[in-house]
Amino acid sequence: MQRTLRTTALTPAHVNQILHLADDLIGCLKQSPDQVTAHLFWRFKALPYVTQLSLTSAILGAVTGVRNQFNDTTLQHLVAGLLTLYSFNQAEIERQARQADGGNTRFPPLRPSSRLRSALRHSQLDVWDAVLDIAPSLPSWNGRLSPTALQPVQQVAVLSHRLARMLLPVADQRRMSWAQALSHLALHSSPQWRNWLAPLVDYPGLMPPGSVIRNKSGQTSLVLSVAQPDVIVRSLSGQQQDDIQVHRCQPTDKGLATQSIGRPQRLNQWWDERWQHQCDALLGITPLQHNTYRLDHPPPILLDIQTQLSNPVVDVAKLSTLISTEAPLVSHLLNIASRLNREQLTVKSVHHALMVLGYERANAELIQHALLLRLSQHYFPLQSAFLQFTRLRSILAQRLAGDDITLSLAMPTLATFANTGLFTHPGFKTRTQWRCQQQNALYDITTLHDHTDNASLHSHPLTLAKAWQQPASSIEALRLAATPPREMNTKSLIKRQATLLGLSLAGARMVYFGHSPDRHTETYLAQAFESLDTDHETFSRSLFDAATEIAVNCPLGR
């Protein structure tokens with residue numbers, strides 16, 4: 001890693017190598033969070049300053065990203081950007097680190113290689129390029145700058161840079177402890193920045209692994225692990241030197257600034273078998289990562305709801321109690337019911353919501369919301385765009401179903417499943433802009449992405465629908481979604497569902513991207529109108545109504 005980071009002329013050939021380094025760093029962090037986090041609080045004499053600054057910024061970005069539930073691929077490219085952030089002006093950074101200037105040392109300008117950035121843009125590695133894009137303005141960054149001027153990945157990069165500079169000051173700048181650095185950022189930054197810092201309070205905490213603390217008696221200890229409100233420490237002074245024990249954090253405990261040590265390898269000796277035994281004996285070790293729910297495992301509550309609804313007589317009280325155990329689903333159900341309530345009254349109970357929506361509509365809304373929660377549990381830059389596009393397609397599919405109650409209930413859920421490939425395709429995780437240059441076959445979801453491997457955009461919805469125990473007719477409709485109606489040889493209901501899926505996708509793309517139908521799409525639309533017994537005027541009106549309902553805002557250039 002050090003040899004790569006010391007390369008002053010990074011080229012496109014280094015891209016894959018640095019991505020592997022970033023992936024290894026994130027993997028080590030997840031496997032051994034305490035040991036990796038500890039590197040933030042030690043100054044290694046054997047490492048050049050710029051190398052340690054790069055490593056510290058990258059670890060901070062990785063910890064912040066994991067704690068804020070970034071997608072793994074997005075985080076990998078963010079960390080790659082931080083690893084290369086200081087590679088283009090190393091000599092000046094090293095020279096500044098050795099000189100004193102009365103505390104007014106100004107960080108030298110950062111000038112990323114235009115050749116590397118060009119390669120990143122050509123490969124559409126937008127996240128990495130976005131980090132390098134802010135490099136020139138980092139030295140003069142004003143903490144009170146509104147984060148809305150930056151993309152989220154850039155915001156995390158800025159915070160990582162600022163924290164790294166506080167933990168690794170140059171010359172005679174003030175040295176800060178971790179708690180002091182967090183406090184300084186919170187006090188001298190606009191409130192919006194604090195959203196990224198809040199998850200860091202639990203882990204690594206205010207007395208993080210690797211930091212040295214001093215109690216009121218003057219004895220120092222090394223924090224090994226965090227178990228809020230306790231920490232596991234190794235005594236560094238006094239009669240109990242080298243003892244490992246559980247310590248309850250006190251207001252009088254003081255976190256010390258970054259300490260010095262020879263090489264990073266020396267840190268490993270402190271996290272030994274005695275520490276592991278203490279961790280095993282102490283329940284409640286604060287984890288680095290939040291719980292992650294598998295996409296192919298639907299929430300058990302949804303399966304229980306299906307069981308309740310399959311009974312000849314539905315027990316409303318039991319069903320209401322069952323739904324009430326999941327707060328996010330309850331909130332969504334009450335909001336939908338309040339919006340659709342004819343009496344314009346706020347719905348405040350699950351029982352009332354079920355009465356307003358009916359069992360089938362409520363069940364469909366719960367499935368859609370639970371699915372979108374699973375799909376968006378990890379952040380990536382295009383997430384909000386995909387959520388908006390999915391909502392547009394769902395509403396459009398429902399409106400195009402017309403007065404057919406069976407179809408109008410089923411289509412929003414079907415359209416949501418049909419869009420799941422957008423959320424799972426790895427090619428979208430490195431992009432900050434949704435570039436859809438292709439305007440052919442607007443009814444086919446595989447043309448929504450210019451990547452060569454687009455089959456999963458169509459196949460993954462089928463896999464997910466099966467895992468979520470959707471009806472066999474819905475799965476078959478998803479399979480036929482891009483098939484022209486005249487080529488379908490299936491039951492009438494499935495044919496109508498599949499045609500509505502293709503029609504809703506074409507319409508959503510026409511609204512969202514402003515795409516015009518090509519020759520293939522025009523042929524498909526004519527067959528779809530014939531199959532559904534509708535016309536172009538009705539289709540256009542549905543597009544307008546759906547766009548108005550969700551207030552689509554799609555600026556040019558997306």
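Author: A residue is called buried here if its relative accessible area is under 20%, and exposed if that area is over 50%. The model is predicted.

Reader: On the two faces of strand E4, which residues are buried?

Author: In a regular strand the side chains alternate between the two faces of the sheet. E4 spans residues 230-235, and six of its six residues are buried. With both faces covered, one side carries Asp230, Ile232 and Arg234, while the other carries Val231, Val233 and Ser235.

Reader: Which residue of E5 stands opposite Arg234?

Author: Strand E4 is joined to strand E5, residues 244-248, by five bridges, and the two run antiparallel. Arg234, one of the buried residues of E4, stands in this pairing opposite Ile244.

Reader: On the side of E3, which residue is the bridge partner of Val226 in E4?

Author: E3 and E4 also pair in the antiparallel sense, over six bridges, and a hairpin of two residues joins them.

Reader: Is the peptide bond from Gln228 to Pro229 cis or trans, and what is its omega?

Author: Most residues other than glycine have a negative phi, and most peptide bonds are trans. Pro229 sits in the loop between strand E3 (220-227) and strand E4 (230-235). The bond that reaches Pro229 from Gln228 is cis, and its omega is near 5°.

Reader: Gln124 has a positive phi; is the residue buried or exposed, and what is its relative accessible area?

Author: Gln124 lies in the loop between helix H7 (114-122) and helix H8 (126-133), and its phi is near 60°, a positive value in a residue other than glycine. The cut-off for buried is under 20%, so Gln124 counts as buried because its relative accessible area is 16%.

Reader: Is Asp533, another residue with positive phi, buried or exposed, and what is its relative accessible area?

Author: Asp533, which is not a glycine, has a phi of about 55° and is found in the loop between helix H24 (519-532) and helix H25 (536-550). Exposed requires an area over 50%, and Asp533 is therefore exposed because its relative accessible area is 72%.

Reader: Which helix supplies the largest share of the lining of the largest pocket?

Author: The largest pocket holds about 560 Å³ of space and is lined by 27 residues, of which Asn363, Ile367, Ala410, Gln470 and Pro471 lie nearest its centre. By class, the lining has 17 nonpolar, nine polar and one charged residues. Helices H13 (300-309), H17 (359-375), H19 (405-418), H22 (472-479) and H23 (492-512) each supply at least two of the lining residues. The largest share, six residues, comes from H19.

Reader: How many nonpolar, polar and charged residues line the largest cavity?

Author: The structure holds two cavities of 30 Å³ or more, and the largest has about 100 Å³ of space. Among its 14 lining residues, Arg393, Ala418, Ile445, His458 and Ala481 lie nearest the centre, and helix H21 (455-467) and H23 each supply at least two residues of the lining. Divided by class, the lining residues of the largest cavity are ten nonpolar, two polar and two charged.

Reader: Which helix gives the largest share of the lining of the second largest cavity?

Author: This cavity has a volume of about 30 Å³, and its lining includes Ile305, Leu319, Tyr359 and Asn363. The class count is eight nonpolar, one polar and no charged residues. H13, helix H14 (316-323) and H17 each supply at least two residues of the lining, and the largest share, four residues, comes from H17.

Reader: Over which residues does pLDDT stay under 50?

Author: The mean pLDDT of the protein chain is 88, and 93% of its residues reach 70 or more. Where pLDDT is low, the predicted coordinates should not be read in detail. That caution applies to a stretch for which the model has twelve contacts beyond four places in sequence, and where pLDDT stays under 50: residues 552-558.

Notes: Residues numbered from 1 in each chain as written. Predicted model: local features only at pLDDT ≥ 70, side-chain atom pairs only at ≥ 80, totals over all residues. Heavy atoms only, no water. Buried < 20%, exposed > 50% of the residue type's maximum accessible area, 1.4 Å probe, protein only. 1 Å grid on protein atoms, 1.4 Å probe; cavity = no way out; pocket = protein on both sides within 12 Å on 5 of 7 lines; lining within 4 Å. Points joined across faces, edges and corners; volume = space filled by probe spheres on them. Nonpolar A, V, L, I, M, F, W, Y, C, P; charged D, E, K, R; others polar. pLDDT = per-residue confidence, 0-100. Contact = heavy atoms within 4.5 Å. Pairing = 2+ DSSP bridges.
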